[in-house]
Amino acid sequence: MKFKENTAMNEQYKKSLFHVNGGVSTGPEVISPFINQLLFTRTDGERLERHASSVSYHDNLIHTLRLSTEPTRNPAVKISSEDHWNRTDCGKIHGFAGHQYKICRRSLSVMKYVSEAVEMTKAECQNQFKNRRWNCSTISRAPSFYNDLKRGTKESAYAYALASAAVAYSVTQACSIGRLDVCGCGRTPKMKLKNKNWIWGGCSDNIAYGTRFSKRFADAVEKKRMKDPRATSRALMNLHNNEAGREAVREKMETICRCHGVSGSCETKTCFRRLKEFKDVATLLKRRYDRIINVITKNKGSSKKMLKPRRKVPYTRNDLIFLDPSPNYCKRSLSRGTLGTAGRECNPKTTGKGSCLYLCCGRGHTTKVLQIEERCECKYYWCCYVKCKKCSKTIQVSRCN
């Protein structure tokens, strides 16, 4: 099956973006650093895959915080998904640790999609938490993490689960669209269809290969850490949350059926299994983040450890778990790796997440009136371009003190 890069759509999408920085319109040429992810279209029109990123609120503050040189504990990679991979890239300098070296060298064709997964993780995490005090900006420099993600916090649990899910998702899609020689379409599902005239056919997403690779790659470091008694608890937590991320991907598989028959009679339906959008996976994990379960370490025998819920609330393999309390994200702290919420844009007209009341932590906010330019009255001309006018618009922007 042939594929083509949808460059026209990508360029048009970029030009439609702009943001206001310090009260000055930066224009459509300023885009998120992760927006250049590839847009693929099936020539038969079956699927359009799009990944886009939201802009971090505090890129101008990130460089002031202390970066951790400790090897990454989730699949964070410094190489862009646009680059070609070779064996020399499989080193510590690119964020690998433990058995990940061998996996990288043996699976060079897959590593492009591990890089894509990292970009997906950063972009979707920031999108999901853009209205929270922790807005996921502290993973933007992965694999160098800040101190808030070096501990077993709720935020760390979400980041690990999302990263593991992203690897499974990205590799699964790469298999199904024919971009990898080591895998192809998934096996025919064993589940029964609702109607006897419906049959399994087409190309189902290869979730089995995607989750298997994610398990090998994302869990490789934690299994090595299990040998260190001081790191066992955190390793057990990470392993559990990694699996919870993969479970979320499995849950977001859907059955798609297409009609066949004379004159559209739909006498027969051919069905296959396909992944939903990655945003749906991230949203599911966010809901589980909101009801995350606190665990403690218990000795199991003389040498083994296990994690048990602190309040005797049972948890399943789908739930997220954490060990340590989160730092105060209202305040900026170099030692704790928090950026604070000063300067964050907020909504003064609401009271929930994203509101000035919530984000500003009682410090109040400042509202400014700004004049911006945006494209308007766009017209399509045959063939083939769009022409727009520039319109001036007055907006109010509120930021936390």
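Me: Is the disulfide of Cys-360 and Cys-400 left-handed or right-handed, and why?
Reply: This is a predicted model, and in it the torsion about that S-S bond is about -85°, so the disulfide of Cys-360 and Cys-400 is left-handed.

Me: Where do Cys-360 and Cys-400 sit in the chain?
Reply: They link distant parts of the chain, 40 residues apart. Cys-360 is in the loop between helix H10 (356–359) and strand E15 (365–381), and Cys-400 is in strand E16 (residues 385–400).

Me: How far apart are the sulfur atoms of Cys-360 and Cys-400? And are both residues buried or exposed?
Reply: The sulfur atoms are 2.1 Å apart. Both Cys-360 and Cys-400 are buried.

Me: How many disulfides does a search of the whole structure find?
Reply: The search gives 11. One of them joins Cys-125 to Cys-136, with an S to S distance of 1.6 Å.

Me: What is the handedness of the Cys-125 and Cys-136 link?
Reply: Right-handed, with 90° about the S-S bond. Cys-125 lies in helix H4 (residues 108–128), while Cys-136 lies in the loop between H4 and helix H5 (154–176). The two are 11 residues apart, and both are buried.

Me: What about Cys-175 and Cys-183, left-handed or right-handed?
Reply: The torsion about the S-S bond of Cys-175 and Cys-183 is about -90°, so that disulfide is left-handed. Their sulfur atoms are 1.9 Å apart. Cys-175 and Cys-183 are buried.

Me: How many residues of each class are in the lining of the second largest pocket?
Reply: The lining has 5 nonpolar, 4 polar and 5 charged residues.

Me: Ile-207 is in helix H6 too, residues 207–218. What should H6 span, and how far apart are its end C-alpha atoms?
Reply: H6 has 12 residues, and at 1.5 Å a residue these should span 16 Å. The end C-alpha atoms of H6 are 16 Å apart, which agrees.

Me: Which residues of H6 are buried?
Reply: Ile-207 is one of them, and so are Tyr-209, Gly-210, Thr-211, Phe-213, Ser-214, Phe-217 and Ala-218. Ile-207 is also among the residues closest to the centre of the second largest pocket.

Notes:
Residues are numbered from 1 along each chain as its sequence is written. This is a predicted model: local features need pLDDT of at least 70, side-chain atom pairs count only at pLDDT 80 or more; totals for chains, interfaces and linings use all residues. Side-chain values use heavy atoms; hydrogens and water are left out. On a 1 Å grid over the protein atoms alone, a cavity is a set of points where a 1.4 Å probe fits but cannot get out, and a pocket is an open set with protein on both sides within 12 Å along at least five of seven lines; lining residues have an atom within 4 Å of a point. Ala, Val, Leu, Ile, Met, Phe, Trp, Tyr, Cys and Pro count as nonpolar, Asp, Glu, Lys and Arg as charged, and the others, Gly among them, as polar. Helices (H or I, at least four residues) and strands (E, at least two) are DSSP runs, numbered from the N terminus. The expected span of a helix is 1.5 Å times one less than its number of residues. Buried means under 20% relative accessible area, exposed over 50%, partly exposed in between (1.4 Å probe, protein chains only). A disulfide is a pair of cysteine sulfur atoms within 2.5 Å.
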